[in-house]
Amino acid sequence: MIWRLLVVVLGGLCQDGNQGGARARPRRETSSSSGTPKPSQGPPFSSCKTPLTPAEHKVLDDNTHETGFNGDDGSYVILTWVGDGTGVVLVLSTFSAPIDSFIEGGSSRLYRSTDYAKSFHDISDRINHTFIKEEFGVSVGPGSSVILTADIPVVDHQGGIIFTSTDAGATFRFIQLPFHLVQPITYHDLNPDYLVALSIDGGLWLSLDFGARWTKVHDGVHSFSWGAGNNLFFSFSHTEAVDAEERGDLVLKRTTDLGKTFTIIHEDIFSFGYIGAFLFFSVMEDPRSPRVMYFSSDQGDTFSQALLPSASTEQFYSILDGDVEMLFMHVDNPGDTYFGTMYTSDDRGILFSKSLERHLFDGQRKSDFTNITSLRGVYLTNRLDEDGRIRSVISFNRGGTWRQLSKPDNVECGKQVKKCNLHIHGEHSRNNRIVPMLALSEPTAVGLVIAHGTVGDSLSSSQHPDVFVSSDGGYTWRGTLRGTHHYSILDSGGLIVAVEAQHGGQVKTIKFSTDEGQCWKSYNFTEQAFFFAGLASEPGTKAMNVSVWGFRPEEDDQPMWVAVTIDFQSLITRECDKQDYEEWLAHSTAGGDEERNGCVLGVKETYRRLKKESVCRNGKSFTVRKTQSSCLCTREDFLCDYGYYQHENTSECVRQSSNPNKTLELCLNGEEDELLTAGYRKVPSDRCEGGFSPQLAVQTVIRPCGVKPSPGPPARSSSPVSHFDTPRERLVLILVCSGAGAIVLLAIASAVIAVRRVVYRHGAPVYRFSNLQIQDDENSVTTDLQSAASSNGTTCQPDSDDDLLP
């Protein structure tokens with residue numbers, strides 16, 4: 001697992017820098033009087049504090065290691081963990097000024113630790129004291145591979161320079177590139193030897209031996225992305241127009257054999273992305289029409305238009321999250337409304353159902369949408385209600401239903417507050433510097449969620465946020481720390497650490513809890529406080545040491561970078577045994593139907609997890625253990641299908657009443673398609689069995705494309721008598737009953753083959769897609785092509801389009 005900390009302190013406000021981009025040393029504020037009123041404290045709650053014993057204090061003192069990077073005048077510091085469980089940390093100190101402003105003989109500095117950041121060694125000589133591009137940072141790939149990109153003048157060099165390492169930075173290899181990079185080199189997900197790079201002149205380059213040799217595979221490329229296996233997708237334009245992407249004048253291609261042959265997937269596209277198992281791209285099919293979205297779940301072999309509203313030039317699509325089973329998509333409302341509608345897809349990325357209206361998407365095109373990874377199916381986000389207030393909502397069934405968060409157990413609102421709920425600060429608040437970091441959860445810490453929030457009627461910027469913890473995936477919450485903090489999960493949830501975010505101040509104290517935030521102890525980790533810049537721990541949450549990063553003013557007024565690493569393994573020495581764990585039924589609530597208790601997405605999941613009162617060490621070998629059992633299906637396991645909505649007073653799905661005869665845009669290459677549906681479809685990844693069966697309802701045939709309707713199927717009977725609803729079934733009946741000869745058989749079979757349609761039967765849609773035109777690169781360019789496809793990055797990160805990607 002790869003993780004990177006990019007330390008930052010901005011304008012005196014401490015920020016956790018794990019959002020990408022190298023960070024600069026901050027300026028200290030000289031005045032504290034801004035004239036703006038200070039935020040008020042939220043509803044009070046008690047925070048349990050336990051003092052350290054003298055013996056505990058001595059143990060921590062003996063296992064706290066401070067490193068000062070003396071004489072290091074780099075304005076940017078980037079910390080990167082290398083490998084999984086290697087204990088190797090690389091620290092790059094470099095500059096942000098233009099290359100031509102550097103004094104001759106200056107250089108970046110590279111430091112390496114092999115003991116989990118307890119001590120560092122200067123290894124700058126291994127990269128010849130070369131300037132390293134701070135915006136490219138330290139690129140870490142699978143295994144122990146590392147790439148550093150030199151910052152050299154383009155006009156004086158025919159190609160760029162990289163340094164590569166296959167042994168976690170113990171040694172580096174100098175490589176002269178035949179091109180200049182425009183962005184960091186991209187690794188293959190599984191094979192560290194496969195590298196893809198984009199040059200400043202739009203060339204797409206590929207290396208199969210970890211950068212030793214490079215081959216250009218295409219020109220005019222705007223962006224690229226690895227897919228599954230060796231599938232490589234990229235967008236290009238036939239002309240060098242800089243606005244080709246804005247005009248939707250790009251072509252989307254794919255190579256499955258590492259650049260030997262190519263397939264054109266689609267033309268006239270704006271941008272594309274790849275997430276989970278889905279390839280997606282937006283298309284301008286008609287200059288007078290809005291853009292539409294296309295999806296493919298088979299690496300671009302087939303694709304279809306997504307059944308959701310199209311976006312005009314004033315709108316954008318945003319993929320919020322996705323995996324191999326489904327996608328979350330936001331479709332913005334026209335204008336500067338700061339909200340839109342969230343949809344969830346089926347397992348093909350085609351049929352989308354409305355999940356949440358008025359979903360917040362702020363002016364910087366940032367969403368508060370968060371996947372709570374510590375429990376399956378849980379998502380958290382904020383919505384902008386009609387009264388202009390922002391309120392938090394949570395879903396426990398992958399967007400099927402949403403509800404407000406419950407009031408924390410130890411917090412009471414005043415009588416003047418009509419609705420008392422917890423509201424979580426997300427990306428919107430972080431961008432506005434209200435909180436230093438986002439909600440935190442980890443798959444190995446089952447049920448644990450740590451977040452900044454305010455309690456009341458809505459999310460408040462006039463109220464100081466506090467830290468709240470949930471131990472059951474977001475069902476119940478507890479106020480745990482007053483004020484904003486930087487926090488981290490260690491030892492698979494057995495240990496939580498936090499450092500208070502001091503506005504313009506210095507830090508010297510770390511807080512830690514062994515009972516999921518119910519009680520805290522404080523430890524002064526340094527005698528001389530310093531300005532906080534970041535909290536870093538090994539990825540995977542299994543480590544028990546954490547590093548506090550910052551800088552300390554020196555006598556010559558030149559700040560010195562400081563790293564203090566605290567090893568809690570020496571304090572919590574006992575290994576956990578069977579008595580320290582409990583069996584916990586996820587999603588369980590008090591009362592109600594015992595048979596249904598804990599059933600979410602069709603299954604019950606029982607986890608083995610650490611008891612809160614157990615003070616012991618999970619260790620690096622800890623793995624999450626769970627047992628699953630399927631549940632009977634209920635109405636909650638189904639969503640309303642496309643063209644249907646849930647009635648306000650009942651749970652039934654009914655046809656859209658505004659335009660019941662409106663056709664769906666399912667027409668592909670002029671083929672006749674039909675959608676046979678009872679109005680329901682199962683929630684993606686739901687694995688319930690038996691029980692509620694919406695297929696028994698009267699089914700409706702929706703005929704898109706304006707084709708001549710064909711006779712609909714008969715209504716289903718509740719009797720066990722078989723019905724033959726499809727042409728193929730009727731064919732079998734005719735053959736059995738009539739015993740027709742070979743000539744009749746051939747004639748009927750030919751008629752059946754001629755019938756082309758898509759039938760949605762038994763809640764599982766099966767589509768007939770248009771086949772892609774597959775061409776070699778030599779024959780793929782024609783004189784009338786006006787299109788192309790692109791995203792602005794090499795990975796599918798959810799954001800704007802001005803289309804799909806940031």
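1. Ile-424 touches Leu-380, Asn-382, Ser-392, Leu-405, Ala-451, His-452, Gly-453, Leu-459 and Trp-477, where residues up to four places away in sequence are not counted and contact means heavy atoms within 4.5 Å. As to the basis of these notes, this is a predicted model, in which local features need pLDDT of at least 70 and side-chain atom pairs count only at pLDDT 80 or more, while totals for chains, interfaces and linings use all residues. Residues are numbered from 1 along each chain as its sequence is written, and side-chain values use heavy atoms, with hydrogens and water left out.

2. Ile-424 also belongs to the largest nonpolar core, which has 28 residues, and is listed with Leu-405, Leu-422, Val-455, Phe-468 and Trp-477 as touching the most other members. A nonpolar core is here a set of buried Ala, Val, Leu, Ile, Met, Phe, Trp, Tyr and Cys residues joined through side-chain atoms within 4.5 Å; buried means under 20% relative accessible area, exposed over 50%, and partly exposed in between, with a 1.4 Å probe and protein chains only. Strand S33 (421-424) and strand S34 (449-456) each supply at least two residues of this core, and S34 gives the largest share, three residues. Strands (E, at least two residues) are DSSP runs, numbered from the N terminus. Apart from this core lies another, of 24 residues, among them Leu-490, Val-497, Ile-510 and Leu-535.

3. How many aromatic pairs does the rule give? The count comes to 31 aromatic pairs, the rule being that rings of Phe, Tyr and Trp (its six-membered ring) pair if their centres lie within 6.5 Å, with planes under 30 degrees apart counted as stacked, over 60 as edge-to-face and the rest as tilted. The rings of Phe-531 and Phe-551 have centres 5.1 Å apart and planes at 15°, so this pair is stacked. Because Phe-531 lies in strand S41 (residues 531-537) and Phe-551 in strand S42 (residues 545-552), the pair ties together parts that are 20 residues apart in sequence. Phe-531 and Phe-551 are both buried. Elsewhere, ring pairs link Phe-69, Tyr-111, Phe-120 and Trp-549 into a cluster.

4. Charges also sit over rings, a term that requires NZ of Lys or CZ of Arg within 6 Å of the ring centre and within 35 degrees of the ring normal. Lys-253 lies over the face of Phe-262, at 5.3 Å from the ring centre, and Arg-609 lies over the face of Trp-584, at 3.9 Å from the ring centre.

5. All six residues of strand S22 (residues 278-283) are buried, so S22 is largely enclosed by the rest of the structure. Phe-278, Phe-280 and Ser-282 point one way from S22, whereas Leu-279, Phe-281 and Val-283 point the other way. Five bridges join S22 to strand S21 (residues 263-275) in the antiparallel sense, and here Tyr-274 has Leu-279 as its bridge partner. The hairpin of S21 and S22 has two residues between the strands, and Gly-276 takes a positive phi near 60° there. Five bridges also join S22 to strand S23 (residues 292-296), again antiparallel, with Val-283 opposite Val-292. Two strands pair if DSSP finds at least two bridges between them.

6. A separate open sheet has four strands in the order S14-S15-S16-S17, with antiparallel pairing. Strand S14 (186-187) and strand S17 (215-218) stand at its edges with a single partner strand each, so one side of each is left without a neighbour in the sheet. Strand S15 (residues 195-198) and strand S16 (residues 204-207) pair over four bridges, and the partner of Ala-197 in S16 is Trp-205.

7. The count of salt bridges comes to 29, each being a side-chain nitrogen of Lys or Arg within 4 Å of a carboxyl oxygen of Asp or Glu. Lys-216 and Asp-219 form one of them, with the closest N and O atoms 2.9 Å apart; Lys-216 is partly exposed at 36% relative accessibility, and Asp-219 is partly exposed at 46%. Asp-385 and Arg-391 meet at 2.8 Å, N to O, and both are buried. These two belong to a network of salt bridges that also links Arg-383, Asp-387, Arg-389 and Asp-457. Lys-407 and Glu-412 meet at 3.3 Å, N to O; Lys-407 is partly exposed at 26%, whereas Glu-412 is exposed at 54%.
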